[in-house]
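Take a minute to turn the model around before reading on.

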Amino acid sequence: MKKFYGYKRCSTSRKAQKWLDEHGVEYEFQDLVAKPPAKADLVKWLTKYQDRGLRYFFNTSGQHYRQLGLKDKIKDMTIAEAADMMAKDGKLIKRPLLVDDNRLTCGFKEAVYEETWKK
């Protein structure tokens, strides 16, 4: 089952959910801010998809990202450090995050969803 980590107040998350619903893609919703993914899951995903770089997983336009000055720190960050930060603060994660056993996407681009998640 696909797990959709989104935020109800985020327009991008709502657009992605609408796309999934319109295309009959089943998923389980989890509020990214109220209950971020577990550190162990984040470590697994950051490791499996490390070719995308840590920046891919961070909400680089978010206030928390900017307040923490992560733009300059991310290049020296380990996977464990990044996972720990994101597990403690879901607003640091680029949303929505959609994952299953074999695929993962951060953010919403219709073309990427078409290619990755369409049945």
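**A walk through the fold**

Let's start with Gln17, which touches Phe4, Tyr27 and Phe29, leaving aside residues up to four places away in sequence; a touch, or contact, means heavy atoms within 4.5 Å. Gln17 is found in helix 1, and it is buried, with a relative accessible area of 16%. Buried here means under 20% relative accessible area, with exposed being over 50% and partly exposed in between, using a 1.4 Å probe and protein chains only. Helices (H or I, at least four residues) and strands (E, at least two) are DSSP runs, numbered from the N terminus.

A word on the ground rules: this is a predicted model, so local features need pLDDT of at least 70 and side-chain atom pairs count only at pLDDT 80 or more, while totals for chains, interfaces and linings use all residues. Residues are numbered from 1 along each chain as its sequence is written, and side-chain values use heavy atoms, with hydrogens and water left out.

Back to helix 1, where Ser13 is also found. Ser13 is buried, with a relative accessible area of 0%. Skipping residues up to four places away in sequence, Ser13 touches Phe4, Gly6, Tyr7, Arg95 and Pro96.

Two of those names deserve a stop. The peptide bond from Arg95 to Pro96 is cis, with omega near -5°. Most peptide bonds, by contrast, are trans. If you want to find Pro96 on the model, look in the loop between helix 5 and strand 3.

Which order do the strands take? There are 4 of them in an open sheet, ordered 2-1-3-4, with mixed pairing. Two strands count as paired if DSSP finds at least two bridges between them. At the edges sit strand 2 (27–31) and strand 4 (104–106), each pairing on one side only. From one strand to the next, the twist averages 15°. As a reminder, strands of a sheet pair through backbone hydrogen bonds, either parallel or antiparallel.

Both kinds of pairing turn up here. Strand 1 and strand 2 run parallel and are joined by 5 bridges; Gly6, for instance, has Asp31 as its bridge partner in strand 2. Strand 3 (residues 97–99) and strand 4 run antiparallel, with 3 bridges between them. There, the bridge partner of Val99 is Leu104 in strand 4.

Strand 1 is mostly covered, with 5 of its 5 residues buried. Lys2, Phe4 and Gly6 point one way from the strand while Lys3 and Tyr5 point the other way, and all are buried.

Over in strand 4 you'll find Cys106. Is Cys106 buried or exposed? It is buried, with a relative accessible area of 9%. Helix 6 (residues 110–117) lies across strand 1 (2–6), strand 3 and strand 4, running at about 170° to strand 4. Axes are lines fitted to C-alpha atoms, for helices over the stretch in contact, and angles run from 0 to 180 degrees between N-to-C directions. The axes of helix 1 (residues 11–22) and helix 6 come within 11 Å and cross at roughly 40°. Helix 1 and helix 6 are therefore oblique to each other: angles under 35 degrees count as roughly parallel, over 145 as roughly antiparallel, 65 to 115 as roughly perpendicular and the rest as oblique. Ala16, Trp19 and Leu20 of helix 1 make the contact with Glu110, Tyr113, Glu114 and Trp117 of helix 6.

Finally, look at helix 2 (residues 39–48) and helix 5 (residues 79–88), whose axes come within 8 Å and cross at roughly 135°. That makes helix 2 oblique to helix 5. On the helix 2 side, Lys39, Leu42, Val43, Leu46 and Thr47 meet Ile79, Ala80, Ala82, Ala83, Asp84, Met86 and Ala87 in helix 5.
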